[in-house]
Amino acid sequence: MFKALYPRTIWLMFLSFSAIILSVGLFRYWMPNQEDATNKVTQANAMYDEGGKLGQAVKKKNNAIVATHKAEEDWIPYVLSRTPDQNTADRGININVNGYKLAMDTKRFRNNVQRAVNAQCLKGGVKVISGPLVDLVNDGDAPNGILASYYNYPAIPFPVVIYDLGQVTVQGTYKQITDNVRAWSDMPHFLAVAHNLQITGTSPQLTGTYDVSMVGYIRYDGMFGPIPDVGGSATTTRGGTGGPSANFPGRNAPQGGPQGPTRAGTGGGGGG
């Protein structure tokens, strides 16, 4: 009887070992490899889909470049009318000079700004009763501090003059007064706004009172380094920090004729 069962036992043992080997191969190798292969196929398809978007991305990039260039070109007329010449002889200001010269030039620049404000107050044919005073340059400012004290740099990332001119009082007809207020929005070389208008009196002779604020973005193509402290020596050195090019926006301002294009970063308008 033992001899009759022996072949069957061998056969069962063979089937058992075969099942074990197949199970190990299935669960240890084949199924994980299939899952890994499926994941890789999924990743490959996703990458293929992303690669197919390359043409569209390049097109968007080129369109953005074209739009940027057009915006710069469209901005040039505003720059030429809303920022000063860097030539100090043309009522502008050039901050790319040593601190001593900048301090002297800033005083002249301030006086030129005051002249421009005085002329603006007369727009519309009104009579000026009281006009604004542009901030004076502090004689106590050290040459190395003029950029910080008058041009607000580097407290603001770019040099800019900010004038809160206070109250203006004018007399004239209603049209003259309203024309005068609106004219501030077109003030050359500055971004100016007139606001809080109040009109009193009996027509046609009326009195208008309003507030004026101005911002001037200073155009620059570089800056001198600070004057070295060498025991009172007036020796100066040229700094290595270059300011934004005149072809970039948000960097320009007041008084003077047009020079190379730059962008102003904020808009201004006349109130009324």
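1. Start with strands β2 (residues 160–172) and β4 (residues 205–217): they run antiparallel and are joined by 12 bridges. To find your way into this pairing, look for Val160, which stands opposite Tyr217 in β4. Please keep in mind that this is a predicted model.

2. Now widen the view to the whole sheet. It is open and has 4 strands in the order β1-β2-β4-β3, with antiparallel pairing. Which strands sit at the edges? They are β1 (127–130) and β3 (191–202), each of which pairs on one side only. From one strand to the next, the twist averages 30°. In general, strands of a sheet pair through backbone hydrogen bonds.

3. Helix α5 (residues 174–183) packs on this sheet, where it touches β2, β3 and β4. The direction of α5 makes about 10° with that of β4.

4. Next, a look at the backbone. Most peptide bonds are trans. Here, though, Tyr153 and Pro154 are joined by a cis peptide bond with omega of about 15°, and Pro154 is in the loop between α4 (146–151) and β2. A cis bond also leads from Ser203 to Pro204, with omega near 10°; Pro204 lies in the loop between β3 and β4.

5. Two asparagines deserve a glance too. Asn152, in the loop between α4 and β2, has a positive phi near 55°. Asn196, in strand β3, has a positive phi of about 60°. Are they buried or exposed? Asn152 is partly exposed, at a relative accessible area of 23%, while Asn196 counts as exposed, at 51% relative accessibility.

Conventions
Residues are numbered from 1 along each chain as its sequence is written. This is a predicted model: local features need pLDDT of at least 70, side-chain atom pairs count only at pLDDT 80 or more; totals for chains, interfaces and linings use all residues. Side-chain values use heavy atoms; hydrogens and water are left out. Two strands pair if DSSP finds at least two bridges between them. Axes are lines fitted to C-alpha atoms, for helices over the stretch in contact, and angles run from 0 to 180 degrees between N-to-C directions. Contact means heavy atoms within 4.5 Å. Buried means under 20% relative accessible area, exposed over 50%, partly exposed in between (1.4 Å probe, protein chains only).
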